[in-house]
Amino acid sequence: MALINFWLDVALLVAFTFVGWITATLRAVFPEPTSSAGWSLWGLTFNQWYDIQFYAICFFAFLVVIHVMFHWNWICGVVATRFFHCKPGKDDGSHTLIGVSLLVFLVHLIVIGILATRAGLVNST
């Protein structure tokens, strides 16, 4: 398990570095998005690099979720003992139920945020 965690952490570091590099490239190399028509970097337009950034962020988020899943029992143990002052006990499946519920809640929160921003989108032209 330690070797899996090591390689997962390496993958997280590489993905984080890649997302940071693409974000910096989009901000520092390309002209403002409204005037970037016609510009390309290594054969890819601004919009194509923007798509790569989105998918890189999604992949990074996926790795973070996997990382948290691997450490979920430890996280639950720390929360139970340090914040709720409970004695450590065996996982009876409740940790998994809490984790899945939290993940479902967060996905719903993201979807609600997307719907709220779509509802508030205004075309100023």
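Trainee: Is T96 buried, partly exposed or exposed?
Mentor: T96 is partly exposed, because its relative accessibility is 48% and the exposed class starts over 50%. Keep in mind that this is a predicted model.

Trainee: Okay, and where is T96?
Mentor: T96 sits in helix α4.

Trainee: What does T96 touch, if I skip the residues up to four places away in sequence?
Mentor: With those set aside, T96 touches W72 and D91.

Trainee: How far apart are T96 and I112?
Mentor: In sequence they are 16 residues apart, and from C-alpha to C-alpha the distance in space is 24 Å.

Trainee: Buried or exposed?
Mentor: H95 has a relative accessible area of 17%, and buried means under 20%, so H95 counts as buried.

Trainee: Which residues is H95 in contact with, leaving out neighbours within four places in sequence?
Mentor: Those are W72, N73 and C76. With N73 there is also a polar contact: the two side chains are joined at 3.2 Å.

Trainee: Switching to pockets. Where does H95 come into the second largest pocket?
Mentor: H95 is one of the residues that lie nearest the centre of that pocket, along with C76, G77, V79 and A80. The lining has 14 residues, and the space inside is about 270 Å³.

Trainee: Which helix gives the most to that lining?
Mentor: That would be α3, with seven residues. Helices α3 and α4 each supply at least two.

Trainee: And how does the lining of the second largest pocket divide by class?
Mentor: It has eight nonpolar, four polar and two charged residues.

Trainee: What about the largest pocket, how much space lies in it?
Mentor: About 630 Å³. The largest pocket is lined by 21 residues, and A61, V65, L103, L106 and V107 are the ones nearest its centre.

Trainee: Which helices supply at least two residues each there?
Mentor: Three of them do: α2, residues 46–70, α3, residues 72–83, and α4, residues 94–119. The most comes from α4, which gives 10 residues to the lining of the largest pocket.

Trainee: What classes make up the lining of the largest pocket?
Mentor: The lining has 16 nonpolar residues, four polar ones and one charged one.

Trainee: New topic: which residues form the largest nonpolar core?
Mentor: The core has six residues, namely I22, L26, F30, L41, F46 and W49. Helices α1 and α2 each supply at least two residues of this core.

Trainee: Why would nonpolar side chains be buried together?
Mentor: As a general pattern, nonpolar side chains in soluble globular proteins tend to be buried together.

Trainee: Is T25 buried or exposed?
Mentor: T25 is buried, because its relative accessible area is 7%, and the cut-off for buried is under 20%.

Trainee: Last one: what does the side chain of T25 reach?
Mentor: The side chain of T25 reaches the backbone oxygen of W21, at 2.8 Å.

Definitions and conventions: Residues are numbered from 1 along each chain as its sequence is written. This is a predicted model: local features need pLDDT of at least 70, side-chain atom pairs count only at pLDDT 80 or more; totals for chains, interfaces and linings use all residues. Side-chain values use heavy atoms; hydrogens and water are left out. On a 1 Å grid over the protein atoms alone, a cavity is a set of points where a 1.4 Å probe fits but cannot get out, and a pocket is an open set with protein on both sides within 12 Å along at least five of seven lines; lining residues have an atom within 4 Å of a point. Grid points are joined across faces, edges and corners, and a volume is the space filled by probe spheres set on the points. Helices (H or I, at least four residues) and strands (E, at least two) are DSSP runs, numbered from the N terminus. Ala, Val, Leu, Ile, Met, Phe, Trp, Tyr, Cys and Pro count as nonpolar, Asp, Glu, Lys and Arg as charged, and the others, Gly among them, as polar. Buried means under 20% relative accessible area, exposed over 50%, partly exposed in between (1.4 Å probe, protein chains only). A polar contact is a pair of N or O atoms within 3.5 Å; within protein, one must be able to donate a hydrogen and the other to accept it, and residues adjacent in sequence count only if both atoms are side-chain atoms. A nonpolar core is a set of buried Ala, Val, Leu, Ile, Met, Phe, Trp, Tyr and Cys residues joined through side-chain atoms within 4.5 Å. Contact means heavy atoms within 4.5 Å.
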